[in-house]
Amino acid sequence: MSLIHNERTKLLANALDRLSTASVAAGFIAPVSSFAGNSAFQMSLAAILSTAAWLVGALILHLAARRALGGLIG
């Protein structure tokens with residue numbers, strides 16, 4: 001039973017970590033790259049707060065993945 005539990009735990013941790021990577025891409029890389037081509041580089045406060053929220057969400061998901069891996073049975 002411990003092998004099944006470990007594999008399910010690893011699958012959960014991988015899914016959470018992939019979701020955190022997607023959050024970084026959606027909330028940070030995409031907005032920054034869209035502003036990078038603009039000669040008048042000016043991000044609004046809403047864009048900055050939105051980017052920060054996406055990054056915090058990604059960090060929380062990554063930490064949740066790490067915590068899930070702590071539940072592996074040795």
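Modeller: Gly70 sits in the segment after H2. Keep in mind that this is a predicted model. Is Gly70 buried or exposed? Gly70 counts as exposed, because its relative accessibility is 65% and the cut-off for exposed is over 50%. Now look across to Ala13. Gly70 and Ala13 lie 57 residues apart in sequence. In space, their C-alpha atoms are 9.8 Å apart.

Ala13 takes us inside. Which residues make up the largest nonpolar core? There are five: Ala13, Leu16, Leu61, Ala65 and Ala68. H2 supplies the largest share, with three residues. There is a general pattern to keep in mind here. Nonpolar side chains tend to be buried together in soluble globular proteins.

Ala65 touches Ala13, Leu16 and Asp17, once residues up to four places away in sequence are set aside. Ala13 and Leu16 are core residues too.

Next, step along H1. Thr9 belongs to helix H1. Why does Thr9 count as buried? Its relative accessibility is 10%, and buried means under 20%. What does Thr9 touch beyond its neighbours within four places in sequence? The partners are Ala68, Leu69 and Leu72. Of these, Ala68 is a core residue.

Ser20 is also in helix H1. Its relative accessible area is 5%, so Ser20 is buried. Its contacts, leaving aside neighbours within four places in sequence, are Ala58, Leu61 and His62. Leu61 is another core residue.

Yet Arg18 counts as exposed, because its relative accessibility is 54%. Arg18 and Leu59 are 41 residues apart in sequence. Their C-alpha atoms are 12 Å apart in space.

Now take H1 as a whole. H1 has 35 residues. From its first C-alpha to its last, H1 reaches 49 Å. That is close to the 51 Å expected at 1.5 Å a residue. Where does H1 bend? The bend is at Ala25, by about 30 degrees. The buried residues of H1 are Asn6, Thr9, Ala13, Leu16, Ser20, Ser23, Gly27 and Pro31. What do they pack against? They pack against H2.

Turn to H2. H2 has 25 residues. Its end C-alpha atoms are 36 Å apart, which agrees with the 36 Å that 1.5 Å a residue should give. Ala47, Thr51, Ala58, Leu61, Ala65 and Ala68 are buried in H2. They pack against H1. So the packing can be read from both helices: buried residues of H1 against H2, and buried residues of H2 against H1, with contact meaning heavy atoms within 4.5 Å.

Leu45 is in helix H2 as well. Is Leu45 buried or exposed? Leu45 counts as exposed, because its relative accessibility is 62%. Compare its place with that of Val32. Leu45 and Val32 are 13 residues apart in sequence. C-alpha to C-alpha, they are 14 Å apart in space.

Last, step back to the chain. How many helices and strands are there? The chain has two helices and zero strands. Its C-alpha trace spans about 60 × 20 × 10 Å along the principal axes. The radius of gyration is 17 Å, whereas a compact globule of 74 residues would have one near 11 Å. Of the 74 residues, 19% count as buried. The chain exposes about 5,400 Å², and carbon and sulfur atoms supply 69% of that. Residues 24 or more positions apart account for 82% of them.

How values were computed. Residues numbered from 1 in each chain as written. Predicted model: local features only at pLDDT ≥ 70, side-chain atom pairs only at ≥ 80, totals over all residues. Heavy atoms only, no water. Core = buried A, V, L, I, M, F, W, Y, C linked by side-chain atoms within 4.5 Å. Buried < 20%, exposed > 50% of the residue type's maximum accessible area, 1.4 Å probe, protein only. Helix = DSSP H or I, 4+ residues; strand = E, 2+ residues; numbered from the N terminus. Expected span 1.5 Å × (residues − 1). Bend = angle between axes of the 7 residues up to and from the residue. Rg over C-alpha atoms; globule rule 2.2 N^0.38 Å. Areas by Shrake-Rupley, 256 points an atom, 1.4 Å probe, with all protein chains shown as cover.
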